[in-house]
Amino acid sequence: MKKILLFSFFLMLGLVVSQFLPAMVGESYLSVKTVSNTLLYVCLAFIMINVGREFEMDKSHWRSYTEDYFIAMATAAFPWIFVALYYMFVLLPDIYWNSGEAWKENLLLSRFAAPTSAGILFTMLAAAGLKSSWVYKKVQVLAIFDDLDTILLMIPLQIMMVGLRWQLGVIILIVMVLLIIGWRKMGSFDMRQDWKAILFYAVLTCGITQAVYLVSKYFYGEDASIHIEVLLPAFVLGMVMRHKHIDTKVEHNVATAISFLFMFLVGVSMPVFFGVDFAAQSAEATTITGAQPMMSWPMIILHVVIVSFLSNIGKLFPLFFYRERRKRERLALSIGMFTRGEVGAGIIFIALGYNLGGPALMISVLTIVFNLILTGIFVVWVEKLTRSAYELEQAGK
């Protein structure tokens, strides 16, 4: 519970800092933001490499994972669709309901609701003593799959945002090559996997993706540049490593510290909301979401509660499958998928790169904070349901 509260604290701290940062650093603001964003991408790569390392499959029985993948995909899709529809039909005026641009922006921004925070979830369930339970083993597969689905679906969403260009063909080719390498070479390479090595790989991955962007920008300009998000390359790099379990206090502390730094930097990356002339900002915005007038705080809080409810209702999809297990185990599995964290925050950061903003952005950020605060309650609920199912099973025997 303490770790979850600290995640929320650092995200909120970053949000507060982001509001005063322009005044604090003055003319150096752009330089500070560049450094902050670079560190954020390195932290995100570090996190995704570790997510990839946890992704283990028996390829000789790959068909047995088919049902799990489609359940995970639906579990990621329903919260995303519910939130996207809410953003479209509740937050936007009806004149935008048939706007392709509005749909594209909201489909991208609402994607934050899709991924389960695998790192937070695994850590807390293990700490609750559920590592040997069916719920833990199944949620481990589903959480990794829905993170993977989120990463893959970001590709067509980004294509929708920038349009059909030859550079997108290059991006799709790179993605296909990465996926083929990840599948064929999964767990093949015996590489160092202590925190120093993982951090080095993260810096290297970010450096390569940034180099591709800068070189293409130099030759073809900003609009025709090739921008490969760090999520998939980092994940595939983690996949191809032969996973080594390094269970030391130092490794845990460093990984946790980097996650805290990431949440703080996500907060810092947010646009300034306080002391801003939103009317003038809306008039200058280049996106539909960014042009929407800011709401009052009570109204924003109401929307945060509703969006949180919709996103978590969508995560109940596994409840209708795995009929051979008790209903309370299936409910525990679904509730375990409620947790949000780093990957969802990373989606919001990517959305910022497309100048998406307005009240929908603020609601998205605060929804992640709200869900982080509730995560401890979710895990306690999962523990009680799982232990209750286990006791019933033992009584039946």
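Helices α8 and α9 lie oblique to each other; the term covers angles that are not under 35 degrees (roughly parallel), over 145 (roughly antiparallel) or 65 to 115 (roughly perpendicular). The structure is a predicted model, in which local features need pLDDT of at least 70 and side-chain atom pairs count only at pLDDT 80 or more, while totals for chains, interfaces and linings use all residues. Residues are numbered from 1 along each chain as its sequence is written, and side-chain values use heavy atoms, without hydrogens and water. The chain contains 15 helices and zero strands, taken as DSSP runs (H or I, at least four residues; E, at least two) numbered from the N terminus.

**The chain as a whole**

- Of the 397 residues in the chain, 51% are buried (buried: under 20% relative accessible area; exposed: over 50%; partly exposed: in between; 1.4 Å probe, protein chains only).
- Among contacts (heavy atoms within 4.5 Å) with a separation of 6 or more, 84% join residues 24 or more positions apart.

**The nonpolar core**

- The largest nonpolar core has 100 residues; such a core is a set of buried Ala, Val, Leu, Ile, Met, Phe, Trp, Tyr and Cys residues joined through side-chain atoms within 4.5 Å.
- Helix α6, residues 134-162, contributes the most to this core, namely 13 residues.
- Which residues touch the most other members of this core? They are Met48, Phe55, Tyr87, Phe112, Phe235 and Phe262.
- In soluble globular proteins, nonpolar side chains tend to be buried together.

**Helix α8 with helix α9**

- The axes of α8 and α9 (residues 231-240) come within 10 Å and cross at roughly 140 degrees; axes are lines fitted to C-alpha atoms, for helices over the stretch in contact, and angles run from 0 to 180 degrees between N-to-C directions.
- This crossing of α8 and α9 is right-handed (near helix turned clockwise from the far one by less than a right angle; left-handed if anticlockwise).
- From α8, Tyr201, Thr205 and Thr209 meet Pro233, Ala234 and Leu237 of α9.
- The contact of α8 with α9 comprises four nonpolar, two polar and no charged residues (Ala, Val, Leu, Ile, Met, Phe, Trp, Tyr, Cys and Pro are nonpolar; Asp, Glu, Lys and Arg are charged; the others, Gly among them, are polar).

**Helix α2 with helix α8**

- Helix α2 (residues 29-54) packs against α8 (residues 195-220) at an angle of about 120 degrees, and their axes are 8 Å apart.
- The pair α2 and α8 is therefore oblique, and its crossing is right-handed.
- On the α2 side, Tyr41, Val42, Ala45, Phe46, Ile49, Asn50 and Arg53 take part, and they meet Trp195, Ile198, Leu199, Tyr201, Ala202, Val203 and Cys206 in α8.
- The contact of α2 with α8 has twelve nonpolar residues, one polar residue and one charged residue.

**Helix α2 with helix α10**

- Helix α2 also packs against α10 (residues 249-268), at an angle of about 140 degrees and with the axes 9 Å apart.
- That angle makes α2 oblique to α10, and α2 passes α10 in a left-handed crossing.
- In α2, Lys33, Ser36, Leu39, Leu40, Cys43, Leu44, Phe46 and Ile47 meet Ala255, Ile258, Ser259, Leu261, Phe262, Leu265, Val266 and Val268 in α10.
- By class, 13 nonpolar, two polar and one charged residues form the contact of α2 with α10.

**Individual residues**

- Ile363 belongs to helix α15 (residues 358-396) and is buried, with a relative accessible area of 0%.
- Residues up to four places away in sequence left aside, Ile363 touches Tyr87, Leu91, Ile300, His303, Val304 and Val307.
- Ile363 and Ile301 are 62 residues apart along the chain, and their C-alpha atoms are separated by 7.7 Å.
- Beyond its neighbours within four places in sequence, Leu331 is in contact with Leu316, Leu319 and Leu385.
- The C-alpha atoms of Leu331 and Val382 are 8.0 Å apart, although these residues are 51 residues apart in sequence.
- Met294, in the loop between α11 (278-284) and α12, is partly exposed, with a relative accessible area of 22%.
- From Met294 to Ala360, 66 residues apart along the chain, the C-alpha separation is 9.1 Å.
- Tyr322 is not a glycine, yet its phi is positive, at about 55 degrees.
- Tyr322 is placed in the loop between α12 (297-314) and α13 (327-336), and this residue is buried, with a relative accessible area of 5%.
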